[in-house]
Amino acid sequence: MAATIALVDDDRNILTSVSIALQAEGFVTRLYSDGEAALKAITETPPDLCLFDIKMPRMDGLELLRRVREHSAVPVIFLTSKDEELDEALGLAMGADDYITKPFSQRLLIARIKAILRRAELMRTPNEAGDEPAAEPIVRGRLEIDPARHMVSWDGKKVTLTVTEFLILEALAARPGVVKSRNQLMDAAYQDDVYVDDRTIDSHIKRLRRKFREVDTEFSAIDTLYGAGYRFSGE
């Protein structure tokens, strides 16, 4: 079944051009020109992935993301302008999976969409073909990761992560104490030679720490090694 993409942007030219490009790749598109209309539709009938513009009337993309994240971990990619660096970082900190800056290459956008959808599908239906054993849970002290069910807990308390956050955490926890560079974390989270910059990984790490501190204010298991990358300390 074709994946459904919800595209929310008040620029009709972008809605039309991106929709045509996505449909040419076999996606089903649902188009919305403002955040309020999109929120109602996304809540009632969740898509497989969302593309949100940040600057929109009635409800901007950041508020739309906040409202969506109250009840859903659906993958979200932000479409941003070059002068919106602060909003990009804030969007990632709030739980977006990725962002892409306007004007953008349709090819790059589609590559990022496919990469995130592929990983999300593997998490939802692991080992469907039965040709490989399901991944074993990863237990590192108080951390437990269940790749087969895309579930994470700390001290037995559930931590809800986006697809990208989950993959970054899994890469770190797979080898506790080993420093992972930003490039290595990019490869783990995005694959398919899709380029993202260092700031994207840094923002995801900040969001991971914030989510764990919501269940444990003393959480400090993800270390920053300045100039080198990050590591899971294996508390």
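Okay, which strands does α6 lie across, and at about what angle does α6 run to β7? Hold that thought while I cover the ground rules.

This is a predicted model, so to speak: local features need pLDDT of at least 70, side-chain atom pairs count only at pLDDT 80 or more, and totals for chains, interfaces and linings use all residues. Residues are numbered from 1 along each chain as its sequence is written, and side-chain values use heavy atoms, with hydrogens and water left out.

Now, confidence. pLDDT is the predictor's confidence in each residue, from 0 to 100. The chain averages 83, with 84% of its residues at 70 or more. Helices (H or I, at least four residues) and strands (E, at least two) are DSSP runs, numbered from the N terminus. Where pLDDT is low, the predicted coordinates should not be read in detail.

On to the first sheet. Two strands pair if DSSP finds at least two bridges between them. Five strands make an open sheet here, ordered β2-β1-β3-β4-β5, with parallel pairing. At the edges sit β2 (28-32) and β5 (98-101), each pairing on one side only. From one strand to the next, the twist averages 20 degrees. For angles like the next ones, axes are lines fitted to C-alpha atoms, for helices over the stretch in contact, and the angles run from 0 to 180 degrees between N-to-C directions.

If you zoom in on β4, residues 76-80, you'll see four bridges to β5 in the parallel sense. Thr 80 stands opposite Thr 101 in β5. Two helices to look at on this sheet: α1 (residues 12-24) packs on it, touching β1 (4-8), β2 and β3 (49-53), with its direction at about 170 degrees to that of β2. Helix α2, residues 35-44, also packs on the sheet and touches β1, β2 and β3, its direction making about 140 degrees with that of β2.

Back to my opening question. α6 lies across β6, β7 and β8, and runs at about 120 degrees to β7. Those strands belong to an open four-stranded sheet, β6-β7-β8-β9, with antiparallel pairing. β6 (138-140) and β9 (157-158) are the edges, each with a single partner strand, so one side of each has no neighbour in the sheet. β7 and β8 run antiparallel and are joined by four bridges. Leu 143 has Trp 154 in β8 as its bridge partner.

Leu 143 turns up again in the nonpolar core. By that I mean a set of buried Ala, Val, Leu, Ile, Met, Phe, Trp, Tyr and Cys residues joined through side-chain atoms within 4.5 Å. Buried is under 20% relative accessible area, exposed is over 50%, and partly exposed is in between, with a 1.4 Å probe and protein chains only. The largest core has 28 residues, and Leu 143, Val 152, Leu 169 and Phe 212 have the most contacts inside it. Elements giving two or more residues to this core include α6 (163-174), α8 (198-215) and β7 (143-146). α6 gives the most, eight residues. Leaving out residues up to four places away in sequence, Phe 212 touches Leu 143, Val 152, Trp 154, Val 159, Leu 169 and Phe 219. There's a second, separate core of 22 residues, with Ala 38, Ile 54, Val 76 and Phe 78 among them.

Last topic, charges. A salt bridge here is a side-chain nitrogen of Lys or Arg within 4 Å of a carboxyl oxygen of Asp or Glu. That rule gives 15 salt bridges. What does Lys 211 pair with? Its partner is Glu 165, the closest N and O atoms being 2.7 Å apart. Lys 211 is in α8 and Glu 165 in α6, so this pair ties together parts 46 residues apart in sequence. Both Lys 211 and Glu 165 are buried. Glu 165 also forms a salt bridge with Arg 207, closest N and O atoms 3.9 Å apart.

Elsewhere, Glu 25 bridges to Lys 114 at 2.7 Å between the closest N and O atoms. That one links the loop between α1 and β2 with helix α5 (residues 106-124), 89 residues apart. Finally, Glu 63, Arg 66, Arg 67 and Glu 70 are linked in a salt-bridge network.

How values were computed: Contact = heavy atoms within 4.5 Å.
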